[in-house]
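Here is a short tour of a structure, arranged by topic so that you can follow along in your viewer. Please keep the sequence at hand as you read.

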Amino acid sequence: MIPKVFREVIDLGDGREISIETGKLAKQAHGSVVVQSGKCMMLCTVVSNYEQKDLDFLPLTVDYREKFAAAGRYPGGFFKREARPSDGEVLTMRLVDRVLRPLFPKDYHSETQVMIQLMSHDDDVMPDAMAGLAASAAIQLSDFPFECAISEARVGRVNGEFVINPTRAQLEESDIDMMIGASADSVMMVEGEMDEISEEEMADAIKFAHDHIKVQCAAQLRLAEAFGKKETREYPPEREDDELKEKVHAMAYDKVYAIAKAGSSKHERSAAFNEIKEDIKATFSEEELADYGGLVSKYYRSAEKAAIRDLTLNEGLRLDGRKTVDIRPIWCETDYLPSVHGSAIFTRGETQALATVTLGTSRDSNKIDMPSYEGEENFYLHYNFPPFCTGEARPIRGTSRREVGHGNLAQRGLKGMVPADCPYTVRVVSEVLESNGSSSMATVCAGTMAMMDAGIQMTKPVSGIAMGLISDADSGKYAVLSDILGDEDHLGDMDFKVTGTADGITACQMDIKVKGLSYEILVSALKQARDGRLHILEKLTDTIATPRADVKDYAPKMVSVRIKNEFIGALIGPGGKVIQELQKETGCTIVINEDPVTEEGIVEILGTGQEGIDAVLAKIDSITFKPTVGSVYEVKVIKMLDFGAVVEYTEAPGNEVLLHVSELAWERTENVTDVVNMGDVFDVKYFGVDKRTRKEKVSRKALLPKPEGYVAPAPREDRGDRNNRGRDNRGRDTRKDDRKKD
């Protein structure tokens, strides 16, 4: 039976469109759509089990995968099968998850899975920009309890004009790359990188994307209506007890308020809050706690959150005693680790990051191999968040999605300040040693100083800050919090991280939890973030004002030279013999890449000793040396022959040429040793390739004055040209043919 297909089309302008289709594929899923733009097609399916789990969170999994077949390619590696997700796929999962998760009811705890698969790739379409649209459209066709339709869109700016969902080529020319997630009413998520833009420009970009998202949300609702929107499923709600809630609130609120107002460290505060909670529990019998002990804990957390928020809104004070605009004490140090190429410590309050920098060649670049993109990064940052940094002990099971996301944010904030002519591949690693409020921004600050310590000539230093927002819709009060704590990250209505230079924003990440946040408040918050960012930047530059003039003595020095492609083979040698021996002799790493544009070879020389680098350069000069016709060169005799001397150009050792006996002097020379000997150094003139012998010709006598009354000597037999012996002047063989006759 031919399936009935339902379809909606979204016009993006410029002749581009996105279609959403359902009814043909994956009909056993609770919701499924195929989203297509150009030749790019992705399938999204959603399933949520009907059984509620005994958890206090939503077990939601968002999975995004790109199939190599979508681009007509094979997976790399030995096993020709897609393996664990790449960092790019993980970042897309996070973008979608952050928008979907808040829209499920707080008491919904069914196992829920959103799977998005790229099935067909188009080089002109970036698929991650449509992943949020696909996820929301599939959910709209299901019976999930979900608040409203959402979508995500990428915005760029090319030649001063905003572009929605730009192509990768357009993105190369854009000074903005932002992903915005929103419903028709509210912006919920922002993440991206920028080329030092202002706060107002960032707000304008968000508005532009939101206008397009509204259209995409309306298309989803039309599709769901045409398909037949299912009734929202019923599920057992969480147990509630209003009387108990009021009782716990009354016992906890004032005590929490007092402790929060006193200002204290993270551990002292946690211990005090925990004591209040245990005292409240102690007022109940064991039977009561067995019956609704979970509710007591839940209502205590609610009272604690309310008290802390009210303290900030009413008195402008925070958990650690700071005012809303205050930044925690900062101390920094560079060159901490004696053997690494660059290092720095950044400590802000109870958050600390130790960053290291390693310098390498293009061979050390980060290779990206995804169906939707192939390339490499010459600057990349890795972020590690071990459990001890929060005083915990837990299993370590590889790099978490959070670590990938935070590292990517810090990388995007810094990479624009790495100069285009930096010869190195630069790897920054951030080890978070303490955490109580935005270790990703501490990573940006430590990374800036570590790169300057390593001698990377950063265009401008970059700092980062994490901000929060607490608001009350009823009273109209709101407070923007600079440099938030970990506790404030959870209880606020918005948390956002901003990195930038003194001249503008370079990256941001926002999660907005309050509906209908005005753009005026958003711009105000961004400007307060700028003030905090500049304060932190001053602390960084007080520690290290400018990049070191050069890399450290024990760090590798990088020299890049260009040679014509015709010399690459000679430098490599048969089976790599020449380059391998050269690396062994000099202790340098030599990497050769071909530039397809200029048709030249780029030779990277990496070594800790200048002597070794100079030796490699000398060898390259020798291999690529080409004398110019009519020029004079100094040579040295390295071999004596009956018919001349083999000489070597002193400026290009290894380049040899025959100085024929007839070119030694104007007078007839019977013996080569009558004029020159081994080791003699003198000048010769270069005449190019002799048409008759097809060999290079140099002459010593051409630089000597011709004797008065000079008469050219009679031609002599060329004792070095054995091929011409026994032939007449027409080249005929005059020797007796003594071959046997039949």
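Helices (H or I, at least four residues) and strands (E, at least two) are taken here as DSSP runs, numbered from the N terminus. With that in mind, please note that this is a predicted model. Over residues 630–701, the chain is 0% helix and 47% strand.

**The annotated stretch**

- UniProt, in an unreviewed entry, gives the annotation "domain: S1 motif" to residues 630–701.

**The cavity**

- How many cavities of 30 Å³ or more does the structure hold? There is one, and the volume of the largest cavity is about 40 Å³.
- Strand 2 (16–22) and strand 3 (31–37) are the elements that give two or more residues to the lining of this largest cavity.
- Strand 3 contributes the most to that lining, with three residues.
- Among the residues that line the largest cavity are E21, T22, S32, V33 and V34; G23, K24, L25 and L43 also belong to the lining.
- Sorted by class, the lining of the largest cavity has four nonpolar, three polar and two charged residues.

**Strand 13 and its partners**

- Is strand 13 (residues 351–360) mostly covered or mostly open? Mostly covered: nine of its 10 residues are buried.
- On one side of the story is strand 12 (residues 342–348), which pairs with strand 13 in the antiparallel sense over seven bridges.
- Within that pairing, A344 stands opposite A355 of strand 13.
- Strand 12 and strand 13 form a hairpin, with two residues between them. In the turn, G349 has a positive phi of about 60°.
- Strand 13 is also joined to strand 17 (residues 425–434), by nine bridges, and these two strands run antiparallel.
- For T358, the bridge partner in strand 17 is R427.

**Cysteines**

- How many disulfides does the structure hold? The count is zero.
- C389 has a relative accessible area of 6%, so it is buried.
- For C422, the closest cysteine sulfur is in C588, and because the distance is 18 Å, it is too far for a bond.
- C422 also counts as buried, because its relative accessibility is 18% and the cut-off for buried is under 20%.

**Single residues to look up**

- R402 is found in helix 8 (residues 401–415). With a relative accessible area of 32%, R402 is partly exposed.
- R402 and A555 are 153 residues apart in sequence, and their C-alpha atoms are 32 Å apart in space.
- Which residues does UniProt list for "binding site"? The unreviewed entry lists D489 and D495.
- D489 has its place in helix 10 (residues 486–491). At 25% relative accessibility, D489 counts as partly exposed.

Key. Residues are numbered from 1 along each chain as its sequence is written. This is a predicted model: local features need pLDDT of at least 70, side-chain atom pairs count only at pLDDT 80 or more; totals for chains, interfaces and linings use all residues. Side-chain values use heavy atoms; hydrogens and water are left out. On a 1 Å grid over the protein atoms alone, a cavity is a set of points where a 1.4 Å probe fits but cannot get out, and a pocket is an open set with protein on both sides within 12 Å along at least five of seven lines; lining residues have an atom within 4 Å of a point. Grid points are joined across faces, edges and corners, and a volume is the space filled by probe spheres set on the points. Ala, Val, Leu, Ile, Met, Phe, Trp, Tyr, Cys and Pro count as nonpolar, Asp, Glu, Lys and Arg as charged, and the others, Gly among them, as polar. UniProt positions are given in the numbering used here, feature names are shortened, and annotations may be inferred rather than shown by experiment. Buried means under 20% relative accessible area, exposed over 50%, partly exposed in between (1.4 Å probe, protein chains only). Two strands pair if DSSP finds at least two bridges between them. A disulfide is a pair of cysteine sulfur atoms within 2.5 Å.
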